2 protein chains.
Amino acid sequence: VSTWINGRSRTTIDHRDRGLQYGDGVFETMRVRHRRIRLLDYHMERLYEGCRRLKIAAPNQAMLRRELVSRAAERADAVLKLIVTRGIGPRGYRPSGQERCTRVISRHALPGDRAGSMLEPKRVRMCDTRIGMNPALAGLKTLNRLESVVARGEWRDVHVWEGLMRDVEGNVVCGTLSNFFIRRGSFLMTPMLDRCGIAGVMRRWVLEQARSLGLRTLEGRLRWEEFGGAEEAFMTNAVAGIVSVAVIQQGADRVEFKHGETADRLRARLELL
Amino acid sequence: VSTWINGRSRTTIDHRDRGLQYGDGVFETMRVRHRRIRLLDYHMERLYEGCRRLKIAAPNQAMLRRELVSRAAERADAVLKLIVTRGIGPRGYRPSGQERCTRVISRHALPGDRAGSMLEPKRVRMCDTRIGMNPALAGLKTLNRLESVVARGEWRDVHVWEGLMRDVEGNVVCGTLSNFFIRRGSFLMTPMLDRCGIAGVMRRWVLEQARSLGLRTLEGRLRWEEFGGAEEAFMTNAVAGIVSVAVIQQGADRVEFKHGETADRLRARLELL
């Protein structure tokens, strides 16, 4: 891992940083391919939207972009993680409004795939851990990720790639580290993220591609009971891209999906980015 | 501020610490009076309960207790904050199970009271920011505190001491940094924390005192509409103790409360601790 904090090669942060104290910040996890950041504009837009909604004084955008581009250019393939916290503040939840943000950029090797090639359809499980509904934070990729940590801690079977999480009303929202899509005929459906969940950059890209693939998109409430009628299911994130789902298990129940032609076409397009 | 990290006088933590990356940890904020930590046993019980539920390998209890007691003994009055994170881990939500926890102890001066003496009844507002329901984390004082940060950011009026937060169904849960009680006759009511909210150590102490004050306790769902019938209201936390509420405002609406005799009696008992 190589790390830069506020532009300098460093590995430690002040314990008073509100990122540690309260999870008061946002992050992006980006895929570097051919020395370039895939979907960089989308990452930047989400990051700045998060800072705006949380009233975090964001880093200068041109400067941050230059820094990310130059860190990406040093590796053919990598993962870049960017954390932006509100910065150091006195004890107490209330931001003073005078904080200067902290930015942490870390560069990692691509994850080894414990569950086989990402081109193989994957096994997915339904998690018991629920996602709390909070419209004020919905869609944002904040540093408050304990729900994902607890959900991801539910299983150790390396053949299960991902877990699907539901809100307290039982609606499917997203995976622990991905977004979820099902296709029925020409309808591509994904959960609405107005009350909870993270609006992934790859999810956005898929929704934007759909029309030119002859698909109509539907963002709504989606339940386990509705999976049976779907022809294909896939999950998305910025690092893994488009990952087809072979089967979703919930205890003794399971729903299987056919080979995913939409996922194939999306992957082919993603290769061209 | 004086700070000790894993027992050494230090001020920085590794950026890979899961406390920063995911808010993967818990904390306690303790009041030092007469060189001793008030309600230390309750703080320790909540901390270890949090570690147990999150499967964080907790610090040795005897060692931690010795350390806290010795930091407290160096000041007549202070606030001690203890953070325990899961520790440093590789990128990814799933804990390896091999992490060694990080403990951060910081000692602070008592907060200046921006809204006058803590013995004066306080003004409280209803917050717009809602608390997400999450039974897996309910009651715990985790490092995922963005909801409190956003709620506390709603007002700047120094005469408003605290804000009350509701869950997405509109039930009152707790303040941004305190728990909430109302009394009607001999019934002392406080919100149930089975779905969200933090179970404060001072809340626990109040519930345990109630019987010997001739009060019956009721933990349930509590709504704004029910405040009108109450004779007194107060809020509690480990540092401020028992704080009487004079008025709660919601937009143009307001509910006023009489002078709080139960709060007075609780404060008198707290003085003896």
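Predicted model: local features only at pLDDT ≥ 70, side-chain atom pairs only at ≥ 80, totals over all residues.
1. **Extent of the interface.** Let me start where the two chains meet. On chain A, 61 residues are in contact with chain B, and 61 residues of chain B take part in return. The size of an interface is often given as the accessible area lost when the parts come together. For this pair the buried area is about 4,800 Å², with 62% of it on carbon and sulfur atoms. On the chain A side, the residues that lose the most area to chain B are A:R91, A:Y93 and A:R94, which together make up 18% of what that side buries.

2. **Polar side of the interface.** If you go looking for salt bridges between chain A and chain B, the count is zero. Polar contacts are another matter: 19 residue pairs across the interface of chain A and chain B meet that rule, both residues being at pLDDT 80 or more.

3. **Which elements of chain A take part.** Several elements of chain A each supply at least two residues of the side that touches chain B: the strands β1 (2-5), β3 (12-14), β4 (25-33), β6 (77-85), β7 (102-108) and β8 (122-131), along with α1 (18-22) and α4 (146-152). The element that gives the most is α4(A), with six residues. Sorted by class, this side of chain A has 25 nonpolar, 22 polar and 14 charged residues.

4. One feature to look at on screen is the pairing of β3(A) with strand β3 (residues 12-14) of chain B, which is antiparallel and has three bridges.

5. Over all chains the rule gives 48 salt bridges. Side chains of opposite charge can pair when their charged atoms come close. In one such pair, A:E74 and A:R107 meet with N to O at 2.5 Å.

6. **A loop-to-loop salt bridge in chain A.** A:E169 and A:R195 form another salt bridge, with their closest N and O atoms 3.2 Å apart. This pair links distant parts of the chain, 26 residues apart: A:E169 is in the loop between β9 (160-167) and β10 (172-175) of chain A, and A:R195 is in the loop between β12 (187-191) and α5 (201-210) of chain A. A:E169 is partly exposed at a relative accessible area of 46%. How does A:R195 count at 19% relative accessibility, buried or exposed? A:R195 counts as buried, because the cut-off for that class is under 20%.

7. **A strand-to-helix salt bridge in chain B.** In chain B, the side chains of B:R33 and B:E271 form a salt bridge at 3.3 Å, N to O. B:R33 lies in strand β4 (residues 25-33) of chain B and B:E271 in helix α6 (residues 261-272) of chain B, and the two are 238 residues apart. B:R33 is buried, with a relative accessible area of 11%, while B:E271 is exposed at 53%. Back in chain A, salt bridges with shared partners join A:R18, A:D24 and A:R86 into one network.

8. **Strand β8 of chain B.** Strand β8 (residues 122-131) of chain B is mostly covered, with seven of its 10 residues buried. β8(B) pairs in the parallel sense with strand β15 (residues 241-250) of chain B over four bridges, where B:R123 stands opposite B:V247. β8(B) is also parallel to strand β9 (residues 160-167) of chain B, over six bridges, and there B:V124 has B:E162 as its bridge partner.

9. **An open sheet in chain B.** Six strands of chain B form an open antiparallel sheet, in the order β2-β1-β7-β6-β4-β5. Its edge strands are β2 (8-9) and β5 (36-37) of chain B, each of which pairs on one side only. Strand β1 (residues 2-5) of chain B runs antiparallel to β2(B), joined by two bridges, and B:I5 stands opposite B:R8 in β2(B).

Key. Residues numbered from 1 in each chain as written. Chains lettered and ligands numbered in written order. Heavy atoms only, no water. Contact = heavy atoms within 4.5 Å. Buried area = accessible area lost by both parts, 1.4 Å probe. Salt bridge = Lys/Arg side-chain N within 4 Å of Asp/Glu carboxyl O. Polar contact = N/O pair within 3.5 Å; in protein donor to acceptor, adjacent residues only side chain to side chain. Nonpolar A, V, L, I, M, F, W, Y, C, P; charged D, E, K, R; others polar. Pairing = 2+ DSSP bridges. Buried < 20%, exposed > 50% of the residue type's maximum accessible area, 1.4 Å probe, protein only.
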